[in-house]
Amino acid sequence: MKVTVENKKGLNKDIKVFIDKKTMNSYMDEKYEEIKKTFNLKGFRPGKVPKEVLKRQFGQAIFSEVLDKVLKDTSVKALEDNKIKPAGQPKLDLKTYGEDKDLEYIMSVTELPKVELKSVENIKFDEYSVKIDTNETDKRIKEIAKSQNNFKEVAADVTAVEENLVIFDYKATIDGKDFTGGEGKNTQLILGKDLFIKGFDKQLTGVKKNDEKSVDVTLPENYPQKEYANKKANFICKIIEVKKSEEVKIDDDFAKNLGAKDLADLKVLVSKQINDEYKNSLDKLAKTQILKEIENFKVDEIPENLIEEEIKILSQGMTEEDSKKSRKNFEKIAKKRIKVGLILNEFGELNKIKVTEQEVQAEVQKQLRMMPGQEKMVMEFYQKNPSALASLRGTVYEEKIIDLIKTKAKPSKKEISKEKAEKILKEHQKQDHNHEHDHNHDHDHPEEKKASKSAKIEKKPEPSVSKKPSASKKPSTKKVSKK
């Protein structure tokens with residue numbers, strides 16, 4: 001293989017690749033031998049079909065298959081040998097090709113620019129820790145206690161009032177006839193919440209244990225059996241129990257029920273939980289500060305094809321007219337995003353940062369936890385959309401890079417109160433809102449892109465071919481063997 005690199009304008013290069021016909025014929029012979037071992041044809045012993053017979057029947061298709069593989073392998077090798085990192089998909093222009101011929105093609109590629117990595121030790125960011133007041137911890141524990149249902153049975157002669165829990169069996173009819181879903185056992189209702197059927201709770205007010213109560217209601221419009229929707233129904237309710245909510249006592253037993261060792265341990269855990277809630281949000285601010293500093297690093301030239309690709313993403317869902325109006329602004333945002341992505345990727349490669357499959361799956365599980373009740377739908381989405389999974393991989397890759405930068409950079413450590421943390425986050429949220437408005441509701445921060453540039457750059461693009469031989473038949477080895 002002979003490779004010649006011709007520098008064109010800026011980052012654009014033409015790479016001429018030449019492979020002589022002797023080498024191409026050897027690839028063809030290898031493929032014929034591979035097929036011959038598995039191909040059965042009447043009149044010939046297994047594995048003994050002459051090459052000439054295979055050539056007459058499948059020659060063009062086999063050549064096309066061999067050509068595909070040679071183009072892929074040689075183009076990747078040509079790039080690697082010449083230390084060229086492509087920005088986007090290279091284009092191949094076949095000049096000479098065919099059976100028993102030399103192969104010559106030109107690969108047009110835009111190279112990723114050289115990136116100047118300043119010392120990350122000079123990057124500055126704020127590292128906050130939030131001091132949680134004991135009163136705040138006690139307040140949160142009281143809220144937890146209030147949310148715990150602590151119902152105790154009342155005496156048999158005590159009647160139910162609002163906020164009491166009523167447990168009952170029921171049998172319902174429409175026009176004196178039974179209907180689907182018209183029977184229930186141990187049904188529980190907290191009076192006043194009106195969560196069963198509108199107007200049902202109110203009619204149970206005043207009942208007591210062992211009462212039998214007749215309740216008349218109109219079945220809701222969204223009743224599962226549509227033929228009964230909006231029909232009037234009569235429920236005969238047998239009251240089993242009436243319970244009153246009692247205030248939960250905040251003590252060691254209460255703490256143990258929540259998984260803590262005792263009340264003192266619960267206070268420590270709740271304090272840490274509150275701190276973590278603020279810390280996660282404040283860490284995002286630190287990340288934004290780091291990315292802003294990285295914007296000051298030097299990149300000589302941004303590849304035009306990457307800018308165009310980014311502008312397309314920014315313009316999604318917009319009319320052609322609006323897209324044209326926003327073009328200048330989008331170009332500015334695109335360049336900034338790509339620049340940061342290039343620098344992060346260079347830093348990642350320099351420090352040999354890799355993303356494991358386990359880390360990707362952990363991120364998927366994190367997404368599932370964020371959407372309770374929709375886990376199956378989310379999992380199916382990622383299974384059916386490899387690009388979405390690649391996006392998650394890019395997110396993990398970027399987070400690992402930022403975490404490493406944090407360990408090397410210069411944090412300004414600050415301990416702040418909860419009130420101060422809320423003020424900082426509110427101000428940042430306001431700035432983000434104004435920023436979105438200025439940029440036609442699009443963020444300027446590269447970390448907010450679903451698929452980070454670093455992830456896209458990390459993936460090696462396969463070349464596209466501008467000319468290819470036509471083939472009426474193109475079986476794979478397995479397909480041939482089934483004939």
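Visitor: Quick one to start: is Leu-94 buried or exposed?
Guide: Leu-94 is buried, with a relative accessible area of 1%. Buried is under 20% relative accessible area, exposed is over 50%, and partly exposed is in between, using a 1.4 Å probe and protein chains only. Bear in mind that this is a predicted model, so local features need pLDDT of at least 70 and side-chain atom pairs count only at pLDDT 80 or more, while totals for chains, interfaces and linings use all residues. Residues are numbered from 1 along each chain as its sequence is written, and side-chain values use heavy atoms, with hydrogens and water left out.

Visitor: Where does Leu-94 sit?
Guide: Leu-94 is in strand β3, residues 91-96. Helices (H or I, at least four residues) and strands (E, at least two) are DSSP runs, numbered from the N terminus.

Visitor: How many helices and strands does the chain have?
Guide: The chain has 15 helices and 12 strands.

Visitor: And what share of the chain is buried?
Guide: 37% of the 483 residues.

Visitor: OK, cores. Which residues of the largest nonpolar core touch the most other members?
Guide: Ile-123, Ile-290, Ile-294, Leu-342, Leu-344, Ile-401 and Ile-405, out of 35 residues in that core. The core supply includes at least two residues from each of α6 (263-294), α7 (304-314), α9 (327-350) and α12 (386-408). The largest share, nine residues, comes from α9. By nonpolar core I mean a set of buried Ala, Val, Leu, Ile, Met, Phe, Trp, Tyr and Cys residues joined through side-chain atoms within 4.5 Å.

Visitor: What's Ile-123 in contact with, leaving aside neighbours within four places in sequence?
Guide: Ile-290, Glu-293, Ile-294, Phe-297, Ile-405, Ala-409 and Lys-410. Contact here is heavy atoms within 4.5 Å. Apart from this core lies another one, of 26 residues, with Met-28, Ile-35, Val-49 and Ala-78 among them.

Visitor: Let's do helix packing. How do α9 and α12 cross?
Guide: Their axes come within 10 Å and cross at roughly 75 degrees, which makes α9 roughly perpendicular to α12. Axes are lines fitted to C-alpha atoms, for helices over the stretch in contact, and angles run from 0 to 180 degrees between N-to-C directions. Under 35 degrees counts as roughly parallel, over 145 as roughly antiparallel, 65 to 115 as roughly perpendicular and the rest as oblique.

Visitor: Which residues meet there?
Guide: From α9, Leu-344, Asn-345, Phe-347, Gly-348 and Glu-349; from α12, Tyr-397, Glu-398, Ile-401, Ile-402, Leu-404, Ile-405 and Lys-408. By class that contact has seven nonpolar, two polar and three charged residues. Nonpolar covers Ala, Val, Leu, Ile, Met, Phe, Trp, Tyr, Cys and Pro, charged covers Asp, Glu, Lys and Arg, and the others, Gly among them, are polar.

Visitor: What about α6 against α12?
Guide: They pack at about 85 degrees with their axes 11 Å apart, so α6 is roughly perpendicular to α12. Among the α6 residues that meet α12 are Ala-286, Ile-290 and Ile-294, and the α12 side includes Ile-402 and Ile-405. The class count for this contact is six nonpolar, no polar and five charged.

Visitor: And α11 with α12?
Guide: The axes of α11 (residues 375-384) and α12 come within 5 Å and cross at roughly 100 degrees. Phe-381, Tyr-382 and Lys-384 in α11 meet Pro-386, Ala-388, Leu-389 and Leu-392 in α12. Here it's six nonpolar, no polar and one charged.

Visitor: Switching to rings: how many aromatic pairs are there?
Guide: The count is 11. Rings of Phe, Tyr and Trp (its six-membered ring) pair if their centres lie within 6.5 Å; planes under 30 degrees apart are stacked, over 60 edge-to-face, and the rest tilted. Phe-196 and Phe-235 make an edge-to-face pair, 6.3 Å centre to centre with 75 degrees between the planes.

Visitor: Where do Phe-196 and Phe-235 sit?
Guide: Phe-196 is in the loop between β8 (177-190) and α4 (200-204), Phe-235 is in strand β10 (residues 232-245), and they are 39 residues apart. Phe-196 is partly exposed at 29% relative accessible area, whereas Phe-235 is buried at 3%. The rings of Phe-200 and Phe-235 have centres 5.2 Å apart and planes at 85 degrees, so that pair is edge-to-face.

Visitor: Is Phe-200 buried or exposed?
Guide: Buried, at 0% relative accessibility.

Visitor: Which residues do the ring pairs link into a cluster?
Guide: Phe-168, Tyr-170, Phe-196, Phe-200 and Phe-235.
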